[in-house]
Amino acid sequence: MAAPHSPSSLSRYLDGEFWKIRDNLREGISNCELFHYDLSLDQIRDLTADRLHYAMKLPLMQRHLTDQVKESWVQKFSILCFFSPLFYLYINLQNLAFTGMFALTERGHGSNARGILTEAHYEPATQEFIIHTPCEDAQKMYIGNAMKGHYAAVFAQLIIKGEPHGPHCFIVPIRDQHGVMWPGVTAFDMRHKEGLHGVDNGILIFDHVRIPRENLLDKFGSVSADGKYSSRIRSKGTRFNAMIAALTPTRLALTVQAMAAMKLGLIIAVRYSHSRRQFGPKDQDEVKIIEHQTQYLRLMPHLATSLALTFTVRYAARLMDDALSQGQDLQSNRPLQALVAGLKAYSTWANVVCLQECRECTGGMGFMMENRIPSLKCDSDVFVTFEGDNMVMLQVVVRELMTQYTKQFEDSIVTGMIRNWSSSASDRIRTSFLGFSVDKVGDLSFLLKALSYRERVLQRSLAARLYAKVMNITLSLSTSFDCPSFLNIAKSLLVTLEQFALAVQECQVKDDQDLLSKFCLLHGTSLVYQERAWYLEHNYLSPGASRQIRNQLLELCRSVKDDALKVVADFNFPSCCIQAPIAGVVNPRAEWGFYPLSESPVSQSHAQQRAMSKL
């Protein structure tokens with residue numbers, strides 16, 4: 001019997017305080033034969049359900065569900081996302097006797113969820129709500145688990161005696177335990193998508209479906225038996241925002257999933273780069289492709305970003321756990337909502353860019369489905385619009401930043417103006433020759449100040465533009481928020497570097513701390529380098545300093561290329577999650593898993609020929 005796996009100190013540090021729980025989950029799932037490559041569309045859906053059943057029945061998961069421990073869910077069980085890009089969809093399941101779905105998006109309303117058209121009319125005589133799809137644009141679309149689920153959380157416009165009260169959430173039966181559709185409910189399979197084939201996305205249509213009054217989720221608004229509406233939140237807009245705040249945990253789960261896809265892609269690309277040889281000095285052996293600048297310059301910044309996200313997600317999860325343990329409603333915690341929204345946008349975009357670089361850095365081999373990168377790209381591409389389009393997510397961030405900005409004027413306009421002037425004057429000094437005598441260009445402290453400076457300048461600039469737009473009576477306040485996303489992303493970038501720097505300081509193992517320190521410096525250098533044109537325009541960097549930043553980026557990428565193998569090993573992905581031949585994990589099921597045979601005689605003949613050629 002093989003010796004039990006013992007994670008390294010860095011692996012435990014990356015997993016955080018719940019590393020034992022996460023490692024137990026890895027071991028439990030790694031020993032299951034269900035985690036292999038998948039087949040046809042219907043088979044992959046069935047296999048996804050089987051995997052879900054298996055994971056939820058693990059003793060550790062059962063203890064958690066039985067004890068109803070809600071704190072630290074993301075920190076403890078986000079490891080499940082590493083095994084399948086589908087698990088995060090089911091993180092709220094308690095048992096699998098009945099499964100559900102979330103029905104918000106409509107054919108005619110995606111990001112503008114407040115404008116949904118599905119109706120819920122209350123009938124006092126029967127004390128029932130009548131859920132109805134009045135037109136084609138009101139059809140619920142992209143509903144996960146639509147073809148197998150039993151109940152749906154349906155958002156619909158609540159209407160009582162002809163008076164609308166805004167969107168509310170209702171529990172609507174879709175099919176019984178035998179799979180028989182509920183009267184008035186129609187479900188259509190949307191079939192093939194770019195990725196996430198294990199999720200049976202579908203369309204739901206409701207034809208005057210009757211549900212009892214108790215099926216209204218009434219945390220934010222309730223209806224009495226005689227049809228009187230009441231809510232502790234008077235504003236319809238505020239009430240809807242409070243409902244949508246419930247998506248904050250799943251947005252954080254998406255960040256975890258994007259990070260997991262990044263890490264898996266990097267594991268495959270880094271391992272391949274350290275094994276594949278190509279080009280070299282004349283009349284000498286070819287060298288590993290990781291030795292080429294074009295290779296490590298493309299991969300190493302993404303590896304640093306994945307580490308930064310590891311610690312930033314942990315920070316956000318800790319804030320969420322603290323809020324929930326103190327009984328706070330997430331809708332009242334606007335800073336946390338903004339943090340998670342910004343992370344969701346940043347991480348999912350970073351994942352798309354990272355996986356494309358991984359594909360290119362592995363050449364034609366990375367284009368093969370059996371080497372996993374193409375499927376990772378397809379499965380995770382939708383994350384940029386899942387649980388809120390990223391551009392909409394950034395609006396959440398900018399609103400909170402503008403709220404924080406205006407708070408300095410609440411007590412006294414004069415005091416606020418003085419604070420604003422002082423901050424602006426201080427930043428102008430930083431751009432003069434005096435500013436460069438304090439910090440050494442390229443040090444972590446300089447990089448942190450550079451990112452902080454950019455956020456402040458963008459914040460002041462945006463505030464000025466919004467003021468000018470609001471003063472223009474031809475523009476509405478909502479129009480004024482259709483602004484560039486520079487400020488929104490700047491805040492997220494600063495947070496990732498700050499949390500990475502704190503994690504380096506808190507690391508207790510000297511070798512691990514030194515390793516993380518190099519990647520932290522690389523992350524900050526890369527962030528400033530990407531915006532070097534902006535810093536040059538604002539005189540924060542001189543041409544010489546910009547060249548120094550560029551040279552530092554090249555040198556840091558070169559210096560960590562050999563450490564990259566240790567880092568991706570300490571991501572601690574089980575072999576069953578990797579299964580990419582170019583990463584050294586051969587999957588014997590790959591051929592028939594990716595190229596299932598049809599029943600045609602021609603295909604059978606070709607299959608026999610392939611089999612004979614291997615004998």
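A residue is termed buried below a cut-off, namely under 20% relative accessible area, and exposed over 50%, with partly exposed in between (1.4 Å probe, protein chains only). The structure is a predicted model, in which local features need pLDDT of at least 70 and side-chain atom pairs count only at pLDDT 80 or more, whereas totals for chains, interfaces and linings use all residues. Residues are numbered from 1 along each chain as its sequence is written, and side-chain values use heavy atoms, with hydrogens and water left out.

**Overall architecture**

- The chain contains 23 helices and eleven strands, which are DSSP runs numbered from the N terminus (helices H or I, at least four residues; strands E, at least two).
- Of the 615 residues in the chain, 50% are buried.
- The chain exposes about 29,000 Å², of which carbon and sulfur atoms supply 55%; accessible areas come from the Shrake-Rupley method with a 1.4 Å probe, and for residues only the protein chains shown count as cover.
- Contact denotes heavy atoms within 4.5 Å; among contacts between residues at least 6 apart in sequence, 73% join residues at least 24 apart.

- Helix H3 (residues 41-56) has 16 residues and reaches 23 Å from its first C-alpha to its last, close to the 22 Å expected at 1.5 Å a residue; the expected span is 1.5 Å times one less than the number of residues.
- The buried residues of H3 are Leu41, Ile44, Arg45, Leu47, Thr48, Arg51, Leu52, Ala55 and Met56.
- Viewed down the axis of H3, these buried residues fall within an arc of 165°, so they line one face of the helix; the arc is that of the directions from the helix axis to the C-beta atoms.
- Helix H19 (residues 543-560) has 18 residues, and its reach of 26 Å from first C-alpha to last is close to the 26 Å expected at 1.5 Å a residue.
- In H19, the buried residues are Ala545, Ser546, Ile549, Gln552, Leu553, Leu556, Cys557 and Val560.
- Down the axis of H19, its buried residues fall within an arc of 130° and therefore line one face of the helix.

**Nonpolar cores**

- A nonpolar core is a set of buried Ala, Val, Leu, Ile, Met, Phe, Trp, Tyr and Cys residues joined through side-chain atoms within 4.5 Å.
- The largest nonpolar core has 97 residues, and Met300 and Phe519 have the most contacts inside it.
- Helix H9 (residues 293-325) gives the most to this core, with 13 residues.
- Because domain 1 (10-70) and domain 3 (243-410 + 444-570) both give residues to this core, it lies between them; the domain bounds come from an automatic or database domain assignment.
- Leaving aside neighbours within four places in sequence, Phe519 is in contact with Leu303, Ala304, Leu307, Phe500, Val560, Asp563 and Val567.
- A second, separate core of 25 residues includes Met101, Ile131, Ile174 and Val185.

**Ala463 in helix H14**

- Ala463 lies in helix H14 (residues 444-471) and counts as buried at 15% relative accessibility.
- Not counting residues up to four places away in sequence, Ala463 touches Met402 and Tyr405.
- Ala463 and Thr406 are 57 residues apart in sequence and 8.8 Å apart in space, C-alpha to C-alpha.

**Backbone with positive phi**

- Most residues other than glycine have a negative phi.
- Asp283 has a positive phi of about 65° although it is not a glycine; Asp283 is placed in the loop between helix H8 (248-273) and H9, and counts as exposed at 75% relative accessibility.
- Asn539, also not a glycine, has a positive phi of about 60° and is found in the loop between helix H18 (532-537) and H19.
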